[in-house]
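Open the model in your viewer and switch to cartoon view. This tour tells you what to select at each stop.

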Amino acid sequence: LLDSALKETARIDEILSGLLSFSRPTETKKEEGNLLEILEESLELISFQTKKQKIKIGQDFPPSPVVLNGDKAQLKQLFLNLFLNSLQAMKEGGELRIEVSSSGDGKVLVAITDTGEGIPEENLDKIFDPFFTTKKGGTGLGLSICYGIVQSHGGEIEVKSELSRGTTALVRLPLS
């Protein structure tokens, strides 16, 4: 019973934290930073889970730093949310691929691709809506928070998906 109570308390805490982040977005504290370091730190946070789920990580990063003006904590939350969504879609293992490249318009493109179950086409236009979820026990706030973070940084986010083949989140952020 104590274990169940602790799990439910953690779940409620996660829901409340999401609601607070959504309803009272924190002030964006922008400073120059290396996007590649932020991505590496976010990947480190999920490393235990990826090993546990037998998920391979593929990275295609440029050799030199990618400098942008952003809020490191918010950007880390953005990528962590996207990575966790990918892990949840790959319960039976798979591959998570992160590619960083120039989008040619003064922005950097981060493509996060998984080999998970994919998102039904009828849900793609709703995934950034607050409280929209198809996950049991989900809050529907993760991707809305991601959308808000990207917008506050002057970027764009879009998601492409194919059922049974996987999903790609494309994040474009302005370079410093």
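**Touring the sheet**

Start with E5 and E7: eight bridges pair them in the antiparallel sense. Strands (E, at least two residues) and helices (H or I, at least four residues) are DSSP runs, numbered from the N terminus. Two strands pair if DSSP finds at least two bridges between them.

This is a predicted model, where local features need pLDDT of at least 70, side-chain atom pairs count only at pLDDT 80 or more, and totals for chains, interfaces and linings use all residues. Residues are numbered from 1 along each chain as its sequence is written, and side-chain values use heavy atoms, with hydrogens and water left out.

Select leucine 109. Its bridge partner in E7 is arginine 172.

Now show residues 166–174, strand E7. Eight of its nine residues are buried, so E7 is largely enclosed by the rest of the structure. Buried means under 20% relative accessible area, with exposed over 50% and partly exposed in between (1.4 Å probe, protein chains only).

Move to E6. Seven bridges join E6 to E7, and the two run antiparallel. Pick valine 159; alanine 169 is its bridge partner in E7. Glutamate 162 has glycine 166 as its partner. E6 and E7 form a hairpin with three residues between them. In the turn, click serine 164: its phi is positive, about 65°.

Zoom out. The open sheet has five strands in the order E2-E4-E5-E7-E6, with mixed pairing. Its edge strands are E2 (55–60) and E6 (156–162), each pairing on one side only.
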